[in-house]
Amino acid sequence: MPTRPLSPHATIYRKFPIMALSIMHRVTGVAQTVGLALLVYWLMAVASGPASFDSARNLLGQVWVKLLLAGWLFAFLYHLCYGVRHLVWDTGRGFERADARRSGWITLFSALALFAFFVWRAFFAGAAS
Amino acid sequence: MSLRSPMGVALGNGAAGGAAQHGWLQQVTAVALLPLMLWFLVSLLGLPSFEFAAVRAWLGSGWTPVWMILLVICAAWHSMLGVQVIIEDYVPRKSVKMVALVLLKFLHAIAVVAAVFAALKVALQSP
């Protein structure tokens with residue numbers, strides 16, 4: 001291993017809570033990579049006919065898989081909100097300490113609000129599978 | 001003290017020159033995924049049921065396969081670039097890193113080809 005400092009220089013930052021938001025961005029991103037595999041599996045199941053679709057549907061209908069899907073939904077919404085924060089940063093804005101702190105909290109709370117909305121729509125307003 | 005020159009030590013350890021392109025593609029796919037993913041979620045909520053017939057009819061109709069293929073391509077691309085950075089950050093051994101990066105690309109290629117195949121198959125078989 002090289003002795004020079006390596007990215008992402010994790011040790012130079014104050015730990016919490018804003019750093020946790022950044023770590024969560026990565027974690028939710030990886031979660032969606034797994035979710036992508038699930039989406040491809042579902043699409044292949046539709047294309048393969050009713051029998052394989054029903055076995056996929058049985059798997060996706062399990063309670064623990066539904067919990068995973070809800071987790072995936074939150075991961076997506078969080079990653080989306082944090083991604084917008086990154087896109088704003090990419091324009092060169094919002095790097096002052098107070099701004100970054102505020103946008104961090106805005107990110108978290110918008111993700112939670114969107115999550116509440118979609119969970120309500122998906123599980124309590126009729127469209128449940 | 002090392003006899004190697006500072007340049008000799010630095011060569012091969014620094015930027016590979018592809019970072020700007022990497023970041024730009026990450027941004028472009030992110031922007032594309034905003035509407036595509038919202039379309040996908042809203043479409044799922046709008047499905048009358050998650051029975052085979054309903055899902056198949058939806059996936060095969062109108063612009064759905066087009067958006068779906070675009071979505072999977074953008075998502076896979078974005079996902080591959082993102083996980084690549086994580087591997088580069090946290091896997092210090094060059095050999096393990098190389099194997100992981102190649103495996104990452106293979107898996108994402110499989111995901112894209114399978115999804116495109118599935119969407120086209122359903123769309124072309126639909127009335």
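## Ground rules and confidence

Residues are numbered from 1 along each chain as its sequence is written, and chains are lettered from A, with ligands numbered from 1, in the order in which they are written. Because the model is predicted, local features need pLDDT of at least 70 and side-chain atom pairs count only at pLDDT 80 or more, while totals for chains, interfaces and linings use all residues.

The model scores ipTM 0.86 and pTM 0.86. Helices here are DSSP runs of H or I with at least four residues, numbered from the N terminus.

## Where the chains meet

Chain A brings 29 residues to the contact and chain B brings 26; two residues are in contact if their C-beta atoms, placed from the backbone, lie within 7 Å. On the chain B side, helix 2 (19–46), helix 3 (52–60), helix 4 (64–90) and helix 5 (94–125) each supply at least two residues. That side of chain B divides into 19 nonpolar, 4 polar and 3 charged residues. Here Ala, Val, Leu, Ile, Met, Phe, Trp, Tyr, Cys and Pro count as nonpolar, Asp, Glu, Lys and Arg as charged, and the others, Gly among them, as polar.

## Two nonpolar cores

A nonpolar core is a set of buried Ala, Val, Leu, Ile, Met, Phe, Trp, Tyr and Cys residues joined through C-beta atoms within 7 Å. Buried means 20 or more other C-beta atoms within 10 Å of a residue's own, exposed means 12 or fewer, and partly exposed lies in between. The largest core has 25 residues, and Leu43(A), Val46(A), Ala75(B), Ala115(B), Ala118(B) and Ala119(B) touch the most other members. Helix 1 (18–48) and helix 2 (50–61) of chain A, with helix 2, helix 3, helix 4 and helix 5 of chain B, each give this core two or more residues.

Apart from it lies another core, of 9 residues, including Ala75(A) and Tyr78(A).

## Helix 4 of chain A

The buried residues of this helix are Ser103(A), Thr107(A) and Ala111(A), and their cover includes helix 1 and helix 3 (63–90) of chain A. Phe123(A) is also found in helix 4 (residues 97–124) of chain A. Phe123(A) is partly exposed because 13 other C-beta atoms lie within 10 Å.
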